[in-house]
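Student: Hi! Could we walk through this structure together, a bit at a time?
Tutor: Happy to, here it is.

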Amino acid sequence: MTGRIRIGCQGWNYPGWAGPLFPEGARPADYLSLYARAFDTVEVDSTFYAAPSERTVRGWVERAPEGFLFALKLPREITAERRLVGAEPVLEEFLDRARLLGPKLGPVLVQLGPDFSPAERPALKRFLPVLPADLRFAVEFRQREWINRETHDLLAGHGVALALNDGPWIPRRWLLQLAQRPTADFHYVRWMGMNRELTDFSHVQLDRSEEITVWADALRGLPAQGLDVYGYVSNYFTGHSPATARELQQRLGLPSVDPGSIGEQTSLF
């Protein structure tokens with residue numbers, strides 16, 4: 001079976017995208033539907049802070065086209081506050097809401113904080129078997145000490161992906177090697193960047209063409225191996241994640257949408 005690569009952004013609700021991606025004067029309420037004309041997946045950051053309401057989830061479903069996928073972050077109450085311990089009731093409530101997305105539900109990211117060290121491996125071992133097998137989960141570590149054979153085998157034993165986070169925590173050369181050693185039938189890639197001082201997200205400010213080329217080369221052949229790839233770009237990676245995501249699409253031979261055509265389509269409504 002051949003896999004598929006989906007590339008999108010981390011979030012969609014950025015006023016700085018009005019003009020570069022969204023038509024000038026677009027209403028924030030329309031940002032998601034406009035975003036979905038350019039990308040077929042998005043990572044939702046807001047679910048890290050709280051489980052979304054049923055109304056919110058149903059609104060996402062209505063505004064996204066068929067075939068679009070939402071990747072959701074597990075709430076921080078589970079990962080940061082409870083630290084994966086005694087979190088089953090919160091997890092169940094969250095997943096009940098997530099399942100309202102139906103076929104538009106993509107993978108769920110278990111984002112562990114930079115203070116979550118291998119000393120807490122027993123909590124992770126007890127948590128992974130609780131995750132339902134019919135959904136896709138990825139775990140993100142922010143300490144390089146996690147990257148070893150024991151962690152690889154633990155995740156692989158439960159079919160959970162090791163999130164590949166291109167940021168300040170784990171060397172990129174390690175991530176590129178891990179791309180060839182999946183722990184699940186999919187990869188979850190996050191391009192975070194190093195510069196957290198960027199505040200203007202309206203245009204590219206950092207040249208990442210070399211990194212983009214390296215990543216495209218590493219990911220391009222994975223679908224032929226039966227692997228799906230979900231990749232999400234942060235604004236902090238270059239300054240304007242839609243342009244970077246579009247460049248990744250082009251390097252990978254995926255269809256890409258010119259922002260100008262998104263503005264033209266608004267005349268139909």
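Student: Where does S234 lie?
Tutor: S234 lies in the loop between β9 (228-233) and α9 (235-238). Helices (H or I, at least four residues) and strands (E, at least two) are DSSP runs, numbered from the N terminus. Before we go on, this is a predicted model, where local features need pLDDT of at least 70, side-chain atom pairs count only at pLDDT 80 or more, and totals for chains, interfaces and linings use all residues. Residues are numbered from 1 along each chain as its sequence is written, and side-chain values use heavy atoms, with hydrogens and water left out.

Student: Thanks. Is S234 buried or exposed?
Tutor: S234 is buried, at a relative accessible area of 5%. Buried means under 20% relative accessible area, exposed over 50%, and partly exposed in between, with a 1.4 Å probe and protein chains only.

Student: And what is S234 in contact with, leaving aside its neighbours within four places in sequence?
Tutor: Its contacts are Q10, W191, M192, R196 and S241. Contact here means heavy atoms within 4.5 Å.

Student: New topic, helix α4. Which residues are buried there?
Tutor: Helix α4 covers residues 88-98, and V90, L91, F94, L95 and A98 are buried in it. They cover an arc of only 125° around the axis, so they sit on the same side of α4. The arc is that of the directions from the helix axis to the C-beta atoms.

Student: Why would residues three or four places apart point the same way?
Tutor: An α-helix has 3.6 residues a turn, so residues at that spacing point the same way.

Student: What's exposed on the other side of α4?
Tutor: P89 and E92 are exposed there.

Student: And what do the buried residues of α4 pack against?
Tutor: They pack against β3 (69-73), α3 (76-81), β4 (105-111), α5 (121-127) and β5 (137-140).

Student: How far apart are the C-alpha atoms of L74 and F137?
Tutor: They are separated by 9.6 Å, with the two residues 63 residues apart along the chain.

Student: I want to check backbone angles too. What is phi of R83?
Tutor: Phi of R83 is near 55°, a positive value in a residue other than glycine. Most residues other than glycine have a negative phi. R83 is found in the loop between α3 and α4, and R83 is partly exposed at a relative accessible area of 22%.

Student: What about L84?
Tutor: L84 also has a positive phi, about 75°, although it is not a glycine. L84 is placed in the loop between α3 and α4, and L84 counts as buried at 5% relative accessibility.

Student: Moving on to helix α6, which residues are buried?
Tutor: In α6 (residues 149-157), T151, H152, L154 and L155 are buried. Seen down the axis, they fall within an arc of 165°, so they line one face of the helix. What covers them includes α5, β5 and β6 (161-162). On the other side of α6, R149 and G157 are exposed.

Student: Last one, how do α8 and α10 pack?
Tutor: Helix α8 (residues 209-219) and helix α10 (residues 241-251) pack at an angle of about 45°, with their axes 10 Å apart. That makes α8 oblique to α10. Axes are lines fitted to C-alpha atoms, for helices over the stretch in contact, and angles run from 0 to 180 degrees between N-to-C directions. Angles under 35 degrees count as roughly parallel, over 145 as roughly antiparallel, 65 to 115 as roughly perpendicular, and the rest as oblique.

Student: Which residues meet there?
Tutor: S209, I212, T213 and A216 in α8 meet T244, E247, L248 and R251 in α10.
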